[in-house]
Structure formats: C-alpha cells, structure tokens
Amino acid sequence: MRVEQVTLRELHMKLVAPFLTSMETTTVRRVLLVEALVDGVAGWGECVAGETPSYSPETTETAWHILRDHLWPALRGAQIRSADDVSDLLAWVRGHNMAKGGLEAAVWDAEAKQQGVPLAQRLGGVRDEIASGVSIGIKPSLEDLWRAVEVELEAGYQRVKIKIKPGYDLTAVEFLRQKLPAMKLMVDANSAYTLADRPLLEQLDRYFLMMIEQPLGWDDLYAHVRLQRELQTPICLDESVHTEEHARAAIELGACRIINIKLGRVGGYQAARRIHDLCQAAGVPVWCGGMLESGIGRAHNIALSTLPNFTLPGDVSASKRYWAEDVIEPEVRVSPRGTIRVPEGPGIGFVPRLDLIERLTVRRERLV
Ligand code: OSB
Ligand code: MG
C-alpha cells in the first residue's frame, strides 16, 4: 500500500449549544479533517485537537503544521503493508498525538474500504452495537443541569457524566443524587483540583459515582496515585495517559482503576489497541472518550468502542447533541436503549457529505 496524497481541511462547525468545562467554553469547533488517498481509495480521519491548548498542548493550528511539515513527509512515498505500519513511520515525531491520530485513522478507513470490510471488524471488534453515555457541560444553575440530565435520560442514554470545577462539584452531585439515587453518574474535573483539595474530593466518595475522571494535574500520575489510595471511588484517567507506557505506569502504580481511551490523545489505533489490550490483561475496564467530534471522528469512535474491553458506556453520543447538520450520512443516532448500531458498510461505514464539507471548509491544502 502507498498513501498517494493527503488533503487537509479545516471546517468551522458551530455547536448547537456552547460546551463549558472547568477550563473554557467552546462555541465553534475548528474541525480538522484528513482525507488520505491510498492506492486510489479515499479514507477519512479527524484530528481532534482543540481551538486552544487547554486540554492538551495541541491545537488545530499546531496539528496542521505538524501534519504538513513533518508527518506527511515521513509517510510520502513509503510502501506499507498495512495501516498498522503508519504509526511506526510517524514515531520519530515526539508527541503531537492528535495530528498523528487523524492521519493514521484516515489510512485505516481507506484500508478497510479496500478490503471491503467494516473498520470495526478489521480492528477486531466484537460488538454490533455500543453503549452510549453523555458528557454534560457545566450549567449556569442546578435547574439548568437537571433539565439537561432529564433530556438525556429520556433519550435513553446509559450513563451521565457531568463536568465539575471548584465551586460546582459537591452541590451538583448531591443535587442529582437526591433526584435520582440510582442513576449511573460520574464526574469529570479536567484537572481542576490539586492534592490540597483532598478533603473535598474525599467527600465525593459518599455519592456512589461510577468514577471520578482526571481530578488532578493533566500530566501528574503521582498525585493521582496518592489520591486513589484515599478514595473508594475509582479514578479514571483521561489527560494523563498519552502512551502505552503511561497506561502501564498508571495501572502498576495505582493511579487509576479505569482508563478513558481517545484515539487522538494516544495517537491513533495502534496505540489505542495496545492500551486496550494492556488494560484488558490487567482487569482495568476502558471506555471511549469524546472530543466534540464531527461525524468523521464520531464514526471512528464507534469502531474503536467495539473492542472487547470497552465494557463501560462511553462519551460517544448522537450527532444531534452537537450539530444541526453533521458531515456524515446517515448521522449518528442513539436507540431508546442508549445504544448505537455499528454500521455494516466498509470502512467507517458512514458516507462523508462532500457538499456540506465543502460549504463548511475555511482552509484546504493538498499534500502530494
Ligand atoms: O475531558 O472528556 C473530556 C470535550 C472536549 C475536551 C475534553 C473532554 C470533552 C468532553 C466531551 O467531555 C465529550 C464529547 O461529548 O465529545
Ligand atoms: Mg475527560
């Protein structure tokens, strides 16, 4: 196989509602799509880097630069046996996992399309539907939060994750627990706390949360080890796990009991699958996180979530929660049981809407 050309596109996509975390508010996503032409077959990937470097050091802007000036030159002209070879060719670049992940994913889609099989099957997936949960941003009031939770439970979602930050944590959790004592509930702090907040974090233990996601420093495994020792509730790491080595360290040191896997954060399917396998062997369940993706990234998240150790509902939810119109056909839909059917068509199994993609594109570059 040879990757003949790559087209980068930046799309501006307005969310149906602003998304608030402990770090920032996102209103318009700068979506970076990667189209790879592999032996005449087009595959699509999405680089999930954010508009600002608040979640990870990468942004849409840095990813574009790294893709064009460093990753593509490393792949150009190379003869590869399979999409699994791509990450090795890109490994000399330190970090920039989201840029790598977008490019690698496009080649995986193209390869599965060439073979005429669903990407999920090519990856070793074992499910024909995945369990879907939602991530609910920080709301201006508890009443607004409750309204948002009600809507999602009504729609059938299997678990609710709420974003928390100092001053919007215990009260929000206690409020929801009083309303629904048995709801599958978890919180995500996006690194908003430090070990000095231990008394407060220990109080969260009273609410039977499924897990507390990334409470402490984005790159601080050791602080999480110390916190997990004191907590009954499992810690789930997101930001702190960028590589298989981090995952191994986190598990062996006891920094977490659950890992959120994001294709972008770990640099693509090769790393994601290795982390998945490592966690499975260690008895650590994983789930698939989200990055406010367009339909292209969402489709890849569905494929990834079919692997056997993705045993917890992820943050992969319906297109309409994010977009008035999504860039794939059909859009991602969620059943009343809170599940998403894995498509049976080749590759990602959703068709890119080229007309809409064209309309939303603000920047395009063809790399040959
Ligand atoms: O921490 O999981 C996160 C969105 C952007 C950046 C980081 C995170 C999130 C989410 C939303 O929680 C997940 C989604 O619905 O796509
Ligand atoms: Mg998170």
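## Strand β10 and its neighbours

Let's start in the sheet: β10 and strand β11 (residues 286–288) run parallel and are joined by three bridges. Helices and strands here are DSSP runs, numbered from the N terminus (helices are H or I with at least four residues, strands E with at least two), and two strands pair if DSSP finds at least two bridges between them. Within this pairing, I259 sits opposite V286 in β11. This is a predicted model, so local features need pLDDT of at least 70 and side-chain atom pairs count only at pLDDT 80 or more, while totals for chains, interfaces and linings use all residues. As for bookkeeping, residues are numbered from 1 along each chain as its sequence is written, chains are lettered from A and ligands numbered from 1 in the order in which they are written, and side-chain values use heavy atoms, with hydrogens and water left out.

Strand β9 (residues 235–237) also runs parallel to β10, through two bridges, and L237 stands opposite I259 in β10.

Buried stands for under 20% relative accessible area, exposed for over 50%, and partly exposed for anything in between (1.4 Å probe, protein chains only).

## The whole sheet

Zooming out, the open sheet has seven strands in the order β5-β6-β7-β8-β9-β10-β11, with parallel pairing. The edges belong to β5 (134–136) and β11, each with a single partner strand, so one side of each has no neighbour in the sheet. Helix α5 (residues 142–155) packs on the sheet and touches β5 and β6, and its direction makes about 170° with that of β5. Contact here means heavy atoms within 4.5 Å; axes are lines fitted to C-alpha atoms, for helices over the stretch in contact, with angles from 0 to 180 degrees between N-to-C directions.

Elsewhere in the sheet, four bridges hold strand β6 (residues 160–163) parallel to strand β7 (residues 185–188). There, V160 faces L185 in β7.

## The magnesium site

The magnesium ion (ligand 2) is coordinated by D188 (OD), E213 (OE) and D238 (OD) at 2.1 to 2.3 Å. Donors are N, O and S atoms within 2.8 Å of the metal (3.2 Å for Na, K and Ca), and water is not among the atoms, so sites may look incomplete. Along the sequence, the donor residues are spaced D-x24-E-x24-D. D188 lies in strand β7 and E213 in strand β8 (residues 212–213), so this pair ties together parts 25 residues apart in sequence. D188 and E213 are both buried.

Q214 has a phi near 40°, a positive value in a residue other than glycine. Q214 sits in the loop between β8 and α8 (221–230), and is buried with 0% relative accessible area.

## Aromatic pairs

There are two aromatic pairs in the structure. Rings of Phe, Tyr and Trp (its six-membered ring) pair if their centres lie within 6.5 Å; planes under 30 degrees apart count as stacked, over 60 as edge-to-face and the rest as tilted. W108 and Y269 have ring centres 5.8 Å apart and planes at 65°, so they are edge-to-face. W108 belongs to helix α3 (residues 97–115) and Y269 to helix α11 (residues 269–282), so the pair ties together parts 161 residues apart in sequence. Both W108 and Y269 are buried.

In the pair Y322 and W323, the ring centres are 6.3 Å apart and the planes at 35°, so this one is tilted. Y322 and W323 are buried too.

## A covered helix and some loops

Helix α12 (residues 295–304) is mostly covered, with ten of its ten residues buried. Among them are R298, H300 and N301.

Now for the loops. A cis peptide bond joins E329 and P330, with omega about -10°, and P330 lies in the loop between β12 (328–329) and β13 (339–341). D39, in the loop between β2 (25–38) and β3 (41–47), has a positive phi near 45° and counts as partly exposed at 39% relative accessibility. G283, in the loop between α11 and β11, is exposed at 60% relative accessibility.
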